[in-house]
Structure formats: structure tokens, C-alpha cells
Amino acid sequence: MSDQSEWVQRPASALKGTNCTAEQYEKMYASSLQDSDAFWAKQAERIDWFQKPSKIANWSFDPVDIKWFEDGTLNICHNAVDRHVEAGNGDRTAIIFEPDSPDGEVRTFSYADVQREVIRMANTLKKLGVAKGDRVTIYMPMVPEGAFAMLACARIGAIHSVIFGGFSPDAIAGRVDDCESDWIVTADEGLRGSKTIPLKANVDSALEKVSAKGVLVLRHTGGDVSMTDGRDHWYHELSAEVSDECLCEPMNAEDPLFILYTSGSTGKPKGVLHTTGGYAVWTETTFRYIFDYRDGEVFWCTADIGWVTGHSYIVYGPLQNGATALMFEGVPNYPDHDRFWQVCAKHKVNIFYTAPTAIRALMREGDHHVEKHDLSSLRLLGSVGEPINPEAWRWYHETVGKERIPIIDTWWQTETGGCMITTLPAAHDMKPGSAGKPFFGVQPQLVDNEGAELEGAASGNLCITHSWPGQARTVYGDHERFIQTYFSTYPGKYFTGDGCRRDEDGYYWITGRVDDVINVSGHRMGTAEVESALVLHPKVSEAAVVGFPHDIKGQGIYCYVTLMDGVEESDELSAELRQWVRKEIGPIATPDHLHFTPALPKTRSGKIMRRILRKIGENEFGSLGDTSTLADPGVVDALIEGRKNR
Ligand code: PRX
């Protein structure tokens, strides 16, 4: 029997105008499993294909080869933009831009405006020399032109690789190099909470290490930047005389749409590759059913377009549905902690989608920030990026939602292209802290460490056993790594890297990563990346990085560092190393704790025992497990002592 106290009922009002009731969910979910091809062929009918696909799914997880709609042709930009204009909806608002400062200028773009802007960008990219199949790096602030650049690439068949504006020059260089991108779209500077981010200067530094044929620069803040002759071009200048026509390139469904770099347990970030047709169907369908979108509503996803959430639920999902998407340049606490709620009230936002880390940070600042604003337009609240603790869930539900609207907690990943596990607003009651039920076509399976399936209520490693249209197809330029990372741990299954519990009601509770990936403020980070950055410093001999529970960020970054012989530890060195990691990766990777230690706990064969380091980082000294295999068990006592002192 399930524990009744954990249920929160969906409000009756969620049913009005819904796309999916409980009965419809059951029926559609069952048919998505029973006849997957027929189900997805039907969903794909909402896409405007140039050539309708006759083949639906063609996939195998062993060997790994994934194709959907493989003989169809389409253009996702046509689906996101042009077809709405052609259908007579050109006047409908596509994007509302709310700038960093509340006093800044709100810009609103109808679908016809977006079409015009995207064509301008597309023709400018062509003028620069960009051709179908080229990789274009987009390193932009959260401004509509960032979305236009993505859509322009899609329109001409170029593959975009968006890099979050918080990444460092070294991180840009690594990504540009990995996908051999000759073209970069950027801006003079970005703005975030009154701070300026030197985007163009960062690109310049990156281009000291790697080369590019052309850099297109948007004038945004008007800040001073240096321009390299022959390589750098102002967007407003180069775009001044381009044609106002640009056809959408017919793309095969399996032609690449974008690369997005994400962290894993080992090595440098991987360029996860998504293709066109499956991703189009997946983002269109998930947006439609999960956010239960109704015509005319204002949808606000607070993510940055540099992350997959921004790709799928600021750009492709909402626009393919003809929705109105709000794009926000700023941060939740500038100029004050009520900024999110002020924006919701100002633009009468109906659907609000954010991350638990923001919810926890705002919760701490007090209810008065929320109560100051009229949030009666809200109809649905969403959460994404990390597990949401029940306390934050309840605050979101009670203080923001006034207990009158549903919350969806959507579990998914860069690799899944769109939401995978979530309740649907009108179909399911909720349980705070649980993502809920699988979306159509998603077949989750829990397995033990040996790969044996666990049935019924159980806890284990979360795998997906059947492909879905939005699934990533490969790691750019390294299919072997794709296979190794996702399909080798449990052959024949896609392994998510997450731990999960399924309860007696079939609800899924994500418990967090079971690999060496940590989730810091909803940003995914490989501990190996931070370690590599630290050991690049001349004074560092070895480093081991683990996550630890953090009230606001979910997880914080805990670094154990051993120094080179003769180097003394000091607060200055600690600050220097922090700064060093920021420079190597970016501010999101700033270590929370640096713990100098003369040695790391290693087995006799030299393997670092991370399990022990994790426990010590979590302040759990009583459950360190067996330490007898350590080469020097005394190291552990010294580490515990060091932990207690911070
Ligand atoms: O650990 C899971 C966590 O975020 C990881 C995916 O990170 P990323 O690829 O950056 O995509 C984030 C946005 C989709 C997952 O492996 N995660 C994401 N959403 C949730 C979550 N954990 C718990 N609950 C969620 N709703």
C-alpha cells in the first residue's frame, strides 16, 4: 500500500482544456509500447515534412545504431517559424525578451518578426561562408539573437554548438577544436545581474589557441571590443544588405541538428549529437503534453540557451508549438530577490519552469518577495535539472502556486533531448520529490550492479530499454565513446548514470548520479574535469574531487589536493587554485572546499578510494566501510581531522 500522506492531488482546474487526462495517458502510454511505430508515426503527423517518412524506428542498442524517420526530410526552422507564418499566425507573439535590468527595453517578436530575423541571420552566416554541415559555435548572451542564430543554422543545415556564456576561453577553445568549428557567433558582452561578461574578449583568448575563419559579433552592450581584420565582423554591418529571402534547406531526418557538450565521469566533455527529425518530434510532443500548452499562453523557461533545457524548451519545443516563449537575460536575485516573480506578474506568465537550486535560493530569502506580486496568471509550475527536495517542492507549491496549480518535476538529460519522466499536469497526482511516471514511449528499467532487472518497488540503476525519437545518436567524432559511456555498463540498455527508486505506485524517484558526475546548481560537472584543471597548476601534485550536499546548490565541489614537494599550503594558494579552476573551466566549476592533504587514500595498487573521500566530504565519518585494503590507513584519520577543521 502506498503512503497516502505523500500524495498531493492535482487540482480539478488542471483538467480544463487539457491535452491529456489520466485515461488518455494510460491509453496513449500503452499504445506507445504496444505499437511504437504506429504511435510515433501519428505524433510525427504534427510535423510539416517536406518528404513524409515511411520508416519510423530503426534502432539497436547492441550494436549501437539509432535512426528514426530515416527517409523523411524536413527543416526544424520551418517547423518552428515559417509554417506558423504560412498558416496565418505571423502576428502571434513568439518571443518576449525581458532584459537584465527591469528598466531595460522589453522586446517582443511575432512569428513573422522571428522569420525575418532568422532569415537575416541565415543569410549573414552564408555571406560569412557558412555552408550546410559546417559546425557553428554560438557563444551568446541570453538575447533573442542567440535563438535566431540557432534557428538560422538549422535553416541552412549548419550544425550549431552552443556554449554557455559562463564558460572560460579554455573551455571554448576545447569545444571549438573538438568539433572543428570554423565559425563563431558571439556578442561584445553579456549582462547578468549588472555584471558584464566579456564574451568577445573570451573568444579572442580562445582563438589564441585554436583558429576560426570567421567571428560574427552582435553589438549588445556597446562595450569596447577589439576586432581582428578579415576574421571578425559586426553583425549589424555584415547583415545590412543581405537578401530577405532564404529557403529552408531540406534535411534528412538523420542529418545532425546540433552538438551540445556535456560532462561525463571521465575525460573532457563529450559533444552529444542530436539529429533533426527525431528531435523535432520529441520536443514538439513533450512540450505539447507535458506543459499541456494552450494557445495564447506565455511560457517561461528560466534556463540558458547554452544548456539542453534552453534548446528544447526555450527554442525548439515552444516555437514548434506556436507558443509564446519568454526569454530572460538576467538572474533571480537582481536587482532583488523578487525578480522572477516580478517578471511573472509583468508578462502574465502562465507556465513557469525553473531549477530546484533557484527555488531553494529564493525560498531562503522569504515569502514576502513572492507575495508582493500578482501571480494569478500562473497555471503550471515546473522543475528540472536535479532532484527537488520535498521542502523546496512544498514551498514552490504553497507559496508560489498557492496550492492551486500542479507542479511537474521533469527528469531528463542532455542525451535524452527532452523530458522522459514526469507527471502530466491533468493526468497524475503528485508526490513531492518524485519525478513521477514515464512519458510516452519511455521504458525505464531498474537494474542492480550486475545488470539484473529489478521488478516492482525497487532501487537501482536507471536504464532505458527502448529507443525514443529524441535520443542522442552519437558523440560527435567518437562513436566508440558513445557506446562505452552509455551502452557498455549494461549491454543492450541505455544507462543514464542515475540512481533511482520506483515505488509501489510506479512513481520514479531519482536519487542522483551513481557515477563520478556531480550536479552543482543543476549544472552537470565531471569530477575528472575539475581534477584535470587542478593538476595543471604547477604547485599541485594530485587532486581528487567529489560532491558534497549543499543547501542551495544541491551539491558543492569538494577538492582534495596534494601539493608538490616543498610547496607550503596557505590561504593564498587556496584562493589561487580556486581562481585557477575558474579560469580553466568557468565560474560554475569554482571549488567550494579545498582540502590540502599530504596524501590521498589509495589501495595498494594505487587506486584512489573515492568512496572514502565522498563520505568524508559528506561529514559521514562513521560509515567509511572497509579501509583495510588501503596502502596507508593512517591517511584516513588525517583527512577526517582536516575535514572537522573546516
Ligand atoms: O542526474 C540527473 C539530473 O541531471 C542530469 C542531467 O543533466 P543535464 O544533461 O545537464 O540535463 C539537465 C536538464 C535536463 C540527470 O542525469 N536531473 C535532471 N533532471 C532531474 C534530475 N535529477 C532529478 N530530478 C530531475 N527532475
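I took rings of Phe, Tyr and Trp (its six-membered ring) as a pair if their centres lie within 6.5 Å; planes under 30 degrees apart count as stacked, over 60 as edge-to-face and the rest as tilted. The model is predicted: local features need pLDDT of at least 70, side-chain atom pairs count only at pLDDT 80 or more, and totals for chains, interfaces and linings use all residues. I number residues from 1 along each chain as its sequence is written, and side-chain values use heavy atoms, with hydrogens and water left out.

**Rings**

By the ring rule I count 45 aromatic pairs. I looked up Tyr 289 and Phe 440: their centres are 5.4 Å apart and their planes stand at 80°, so this pair is edge-to-face. Tyr 289 sits in helix H9 (residues 276-290) and Phe 440 in the loop between S20 and S21, so the pair ties together parts 151 residues apart in sequence. Helices (H or I, at least four residues) and strands (E, at least two) are DSSP runs, numbered from the N terminus.

**Confidence**

I checked pLDDT, the predictor's confidence in each residue, from 0 to 100. The protein averages 96, and 99% of the residues score at least 70. For the complex I noted an ipTM of 1.00 and a pTM of 0.96.

**Sheet**

Next I traced an open sheet of five strands, in the order S22-S21-S23-S25-S26, with antiparallel pairing. Strands pair here if DSSP finds at least two bridges between them. Strands S22 (453-454) and S26 (508-513) stand at the edges with a single partner strand each, so one side of each has no neighbour in the sheet. S21 (residues 444-447) pairs with S22 over two bridges, in the antiparallel sense. Leu 446 has Leu 454 in S22 as its bridge partner.

**Ligand**

Which residues are closest to the ligand? I find Asp 409, Thr 410, Thr 414, Asp 498 and Arg 524, out of 16 residues that surround the ligand. A residue counts as near if one of its heavy atoms lies within 4 Å. By class, this shell has five nonpolar, six polar and five charged residues.

I then listed distances to oxygen atoms of the ligand. A polar side-chain atom of Thr 414 lies 2.6 Å from one. For an N or O atom in the side chain of Arg 513, the distance is 2.8 Å. For Arg 524 the corresponding value is 2.6 Å. Taken alone the ligand exposes 540 Å², and the protein buries 96% of that (Shrake-Rupley method, 1.4 Å probe). Strand S20 (407-410) and S26 are the elements that give two or more residues to the shell.

Terms used. Polar contact = N/O pair within 3.5 Å; in protein donor to acceptor, adjacent residues only side chain to side chain. Nonpolar A, V, L, I, M, F, W, Y, C, P; charged D, E, K, R; others polar.
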